[in-house]
Amino acid sequence: MKLLLAVLRLLWLCAWAASALAAELLISTGEYAPWSGEQLAQQGFVSRVVREAFAREGIQVRFHFMPWARALESLRNGDVGASSFWYDDPVKAQEFLYSEPISEHRELLFHRKDLAMPRWQRLRELSTLRFGATRGYTYTAEFRQLAKQGVLSVEEANDDKTNLLKLLAGRIELFPLDEFTGWQLLSSDAFPRGAHDLVTTEARPFSIQYGHLLMQRSPRNEQLMARFNAGLAKLRADGTLERFKLDLYRGSGQ
């Protein structure tokens, strides 16, 4: 009888796990066009990749858009099953499971063309200039440490648009941002005509980052993350991921 009960309990647990994995997965995310955006085609490149990778494994997903800091907190609180997308961060990696890389991002330092930019090799050599940063974003360990030590002057804002407007107004002088995102935003209707022509970037990348899906650490989520990574590998193997990239660069998103 004990053996029978144990077998029945195991079968119930397996059925529960299968049912849980088959249910719609809620994923927190934020606005970061063209990579992620509620009004974008396919809700952005990263959202498209995440959705399709899970679909290859028979899992449906739904994205819940919110400010980035809240998106991470919603994952921490268990309000969502995953969060997309986040850069490499040793601190976050201790708390969350990280997926295989979904996207690659070349972050540059944006500044006005009329700024007399000093020659520099290390970030600390830019200590006389005011940096902007977006609340909730993952920046490099060096940048965070120099800001914490007061070597760099860093002012946070709630979004990239606000930071770029502050840059144009001269309230900050440097703003690290994904190259694709920054130029697309400056060319959008959110900015006055000609704003794009007032800004330039440093040739030297501020950082090269990779975007990941995050989940809370648990045996069930380890299984779920493995399925996501398997779906992502299928997208790479059959050329779907490369096709999505071409759509992104062409600006179609379709």
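Predicted model: local features only at pLDDT ≥ 70, side-chain atom pairs only at ≥ 80, totals over all residues.

Author: One term to begin with. Buried means under 20% relative accessible area, exposed means over 50%, and partly exposed is in between, with a 1.4 Å probe and protein chains only. By that scale Glu-95 is partly exposed, because its relative accessibility is 33%.

Reader: Fine. How many helices and strands are in the protein chain?

Author: The chain has 9 helices and 10 strands. Both are DSSP runs numbered from the N terminus: helices are H or I with at least four residues, strands are E with at least two. Of its 254 residues, 44% count as buried. Its C-alpha atoms fill a box of roughly 80 × 40 × 30 Å along the principal axes.

Reader: What share of the contacts is between residues 24 or more positions apart?

Author: 73%, counted among contacts with a separation of 6 or more. Contact here means heavy atoms within 4.5 Å.

Reader: Let's zoom in on H3. Which residues in it are buried?

Author: H3 runs over residues 68-76, and Trp-68, Ala-71, Leu-72, Ser-74 and Leu-75 are buried there. They sit on the same side of H3, because they cover an arc of only 155° around the axis. That arc is taken from the directions from the helix axis to the C-beta atoms.

Reader: What covers them?

Author: The cover includes strands E1 (25-29), E3 (82-86), E4 (96-98) and E10 (207-216), plus helix H4 (90-95). After H3 comes Gly-78, with a positive phi near 80°.

Reader: What else does Arg-76 bridge to?

Author: Glu-95, at 2.7 Å from N to O.

Reader: How many salt bridges in the structure?

Author: 16. One of them joins Glu-179 and Arg-106 at 3.0 Å, N to O. Glu-179 lies in helix H7 (residues 179-186) and Arg-106 in strand E5, so this pair ties together parts 73 residues apart in sequence. There is also a network, in which bridges with shared partners join Glu-52, Arg-56 and Asp-238.

Reader: Stay on E5. Is Ser-103 buried or exposed?

Author: Buried, because its relative accessibility is 5%. Ser-103 is in E5, residues 103-112. Its side chain makes a 2.7 Å polar contact with the side chain of His-105. A polar contact is a pair of N or O atoms within 3.5 Å; within protein one must be able to donate a hydrogen and the other to accept it, and residues adjacent in sequence count only if both atoms are side-chain atoms. Beyond four places in sequence, Ser-103 is in contact with residues including Trp-35, Phe-85 and Tyr-210.

Reader: Now aromatics. How many pairs?

Author: 15. Phe-110 and Trp-183 form a tilted pair, because their ring centres are 5.3 Å apart and their planes are at 55°. Phe-110 is in E5 and Trp-183 in H7, 73 residues apart. For the cut-offs, rings of Phe, Tyr and Trp (its six-membered ring) pair if their centres lie within 6.5 Å; planes under 30 degrees apart are stacked, over 60 edge-to-face, the rest tilted. Phe-110 is buried at 0% relative accessible area, while Trp-183 is partly exposed at 22%.

Reader: Last one. Which residues touch the most other members of the largest nonpolar core?

Author: Ile-27, Val-50, Phe-54, Leu-126, Leu-213 and Phe-228, in a core of 67 residues. Helix H2 (residues 45-55) gives the most to this core, with 6 residues. Such a core is a set of buried Ala, Val, Leu, Ile, Met, Phe, Trp, Tyr and Cys residues joined through side-chain atoms within 4.5 Å. Leaving out residues up to four places away in sequence, Phe-54 touches Leu-25, Ile-27, Ile-59, Val-61, Leu-213, Met-215, Leu-224 and Phe-228.

Conventions: Residues numbered from 1 in each chain as written. Heavy atoms only, no water. Salt bridge = Lys/Arg side-chain N within 4 Å of Asp/Glu carboxyl O.
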